[in-house]
Amino acid sequence: AMAGLADEIGMSVEHHFVLNRKAHAKALLERAGEAAVTCDPKRDAFDAAFHPLLAEGRCDLVVTNSTCVSPGPRPVATLELGFPSFYTHALEDRPFLFARGFVALVERILNELRRAELGAAGR
């Protein structure tokens, strides 16, 4: 679903991190290929796939749950989505599915990209 959203707004997905086993990602693995998908990543597996993308300048945004979010300054825009969610709290309805959710999620993506851009300018 996130890959489809990325296509709709002119972004491309460099790597997919699936928070389930490979059995749950068969269609994605067939479409994107094994090299572009990390299933059930623990922190080490996430870092091994993620850090080269950063080093090569191929990552502007990471969408993840709290498992792969560190507190404090981040080297890239980070959208915390899903469970657990330790650093992002919604005190009102914040849909991310269907039409209203699409708009709300794109708004969050743009805000995180802008926040990262402003943070990089201050470094």
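Predicted model: local features only at pLDDT ≥ 70, side-chain atom pairs only at ≥ 80, totals over all residues.
## Ile109 and its contacts

Leaving out residues up to four places away in sequence, Ile109 touches Leu5, Ile9, Met11, Leu61 and Leu79; contact here means heavy atoms within 4.5 Å.

## The nonpolar cores

Ile109 belongs to the largest nonpolar core, whose eight residues also include Leu5, Leu61, Ala77, Leu79, Leu81, Leu105 and Val106. Such a core is a set of buried Ala, Val, Leu, Ile, Met, Phe, Trp, Tyr and Cys residues joined through side-chain atoms within 4.5 Å. Buried means under 20% relative accessible area, exposed over 50%, and partly exposed in between (1.4 Å probe, protein chains only).

A second, separate core has seven residues, among them Phe46, Phe50, Val62 and Val76.

Helices (H or I, at least four residues) and strands (E, at least two) are DSSP runs, numbered from the N terminus. In a regular strand, side chains alternate between the two faces of the sheet. Strand β4 (residues 77-80) is covered on both faces: Ala77 and Leu79 are buried on one side, Thr78 and Glu80 on the other.

Strand β3 (residues 61-64) runs parallel to β4, joined by four bridges; two strands pair if DSSP finds at least two bridges between them. Leu61 has Ala77 as its bridge partner in β4.

## How the values were made

Residues are numbered from 1 along each chain as its sequence is written, and side-chain values use heavy atoms, leaving out hydrogens and water. Local features need pLDDT of at least 70, and side-chain atom pairs count only at pLDDT 80 or more, while totals for chains, interfaces and linings use all residues.
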